Amino acid sequence: MKGKLCYDLDGVLRDLWAWFRVEEGMPSPREWDFTWKGLGAYEIIRTRGCRPLFEAPPTMWYPYLKSIQPSPVILTSQPPFWRKRTKVWIDKWLPDAKVIYATPSQKIYMLRAFAWYLIEDSPRLSSYERVILIDKPYNREVKAQWRVRTPLELKSVIEGLVMEGKLEERLEVRCGQV
């Protein structure tokens, strides 16, 4: 069975860290559980009226990923208090996306059960066998079959999975621009 390609949201499509850099002068995190001026990510977002959730720009990965799949499935671990504002962002940037809120363990279950592949940046999954990992300082310890640093590397991995018959051919990989 050929798999579907799914995307995580934060770090893959939505760039919360770009918002933090511009609005707060915060450097990109080197650790998953970081603090800035004594606050963690959830507290920073909450104390800013959740503005990062709907004001953050897309990542550098977004243009290519949207070009190959304008109506993607997004598998994301969003706290309940983020979801309403996250929907505002998704409605603006990917209005035809299907969003599935899932814990890390639920993500792994779905990847295995449905032969899906996931583009992800989290270092907190129990398995990376069906994950294309976006390279970040906070996930460098993760052992992954596919680790990408640029949209061009991502395009190459996706094209390879399509050619191997592991991903649906409906993706617009032949004409997607990087």
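In this predicted model, the side chains of Arg48 and Glu24 form a salt bridge, with 2.8 Å from N to O. Arg48 has a relative accessibility of 22%, so Arg48 counts as partly exposed.

**Other salt bridges**

Side chains of opposite charge can pair when their charged atoms come close. The whole structure holds 14 salt bridges. Three of them are set out below.

| Pair | Distance, N to O |
|---|---|
| Arg48 and Glu24 | 2.8 Å |
| Lys107 and Asp8 | 3.1 Å |
| Asp10 and Arg14 | 2.5 Å |

The salt bridge between Lys107 and Asp8 links distant parts of the chain, as the two residues are 99 residues apart. Lys107 is in helix 6 (residues 104-114), and Asp8 is in the loop between strand 1 and helix 1 (16-24). Both of these residues, Lys107 and Asp8, are buried. In the pair of Asp10 and Arg14, Asp10 is buried and Arg14 is buried as well. Salt bridges also join Asp135, Arg140, Arg147 and Arg149 into a network.

In what order do the strands of the open sheet lie? The six strands follow the order 3-2-1-4-5-6, and their pairing is parallel. Strand 3 (98-101) and strand 6 (146-148) are the edge strands, each of which pairs on one side only. From one strand to the next, the twist averages 25°.

Strand 1 (residues 5-7) pairs with strand 2 (residues 73-76) in the parallel sense, over two bridges. Strand 1 also pairs with strand 4 in the parallel sense, over three bridges. Cys6 takes part on both sides: the bridge partner of Cys6 in strand 2 is Val73, and in strand 4 Cys6 stands opposite Leu118.

Strand 4 and strand 5 are likewise parallel and pair over three bridges. Here Ile119 has Ile132 of strand 5 as its bridge partner. Which way do the side chains of strand 4 point, and are they buried or exposed? Tyr117 and Ile119 point one way, Leu118 and Glu120 point the other way, and all of them are buried.

Helix 7 (residues 151-163) lies across strand 1, strand 4, strand 5 and strand 6. The helix runs at about 150° to strand 6.

**Arg130, a buried charge**

Arg130 is found in the loop between strand 4 (117-120) and strand 5 (131-134). What is the nearest side chain of opposite charge to Arg130? That side chain is Glu129, 5.2 Å away. A salt bridge needs a nitrogen within 4 Å of a carboxyl oxygen, and Arg130 has no salt bridge, although Arg130 is buried.

The side chain of Arg130 does reach the backbone oxygen of Leu111, at 3.3 Å. Leaving aside neighbours within four places in sequence, Arg130 is in contact with Leu111, Arg112, Ala115, Trp116, Tyr117, Leu118 and Trp146.

Notes:
Residues are numbered from 1 along each chain as its sequence is written. This is a predicted model: local features need pLDDT of at least 70, side-chain atom pairs count only at pLDDT 80 or more; totals for chains, interfaces and linings use all residues. Side-chain values use heavy atoms; hydrogens and water are left out. Helices (H or I, at least four residues) and strands (E, at least two) are DSSP runs, numbered from the N terminus. Buried means under 20% relative accessible area, exposed over 50%, partly exposed in between (1.4 Å probe, protein chains only). Lys and Arg count as positive and Asp and Glu as negative; His and the chain ends are not counted. A polar contact is a pair of N or O atoms within 3.5 Å; within protein, one must be able to donate a hydrogen and the other to accept it, and residues adjacent in sequence count only if both atoms are side-chain atoms. Contact means heavy atoms within 4.5 Å. Two strands pair if DSSP finds at least two bridges between them. Axes are lines fitted to C-alpha atoms, for helices over the stretch in contact, and angles run from 0 to 180 degrees between N-to-C directions.
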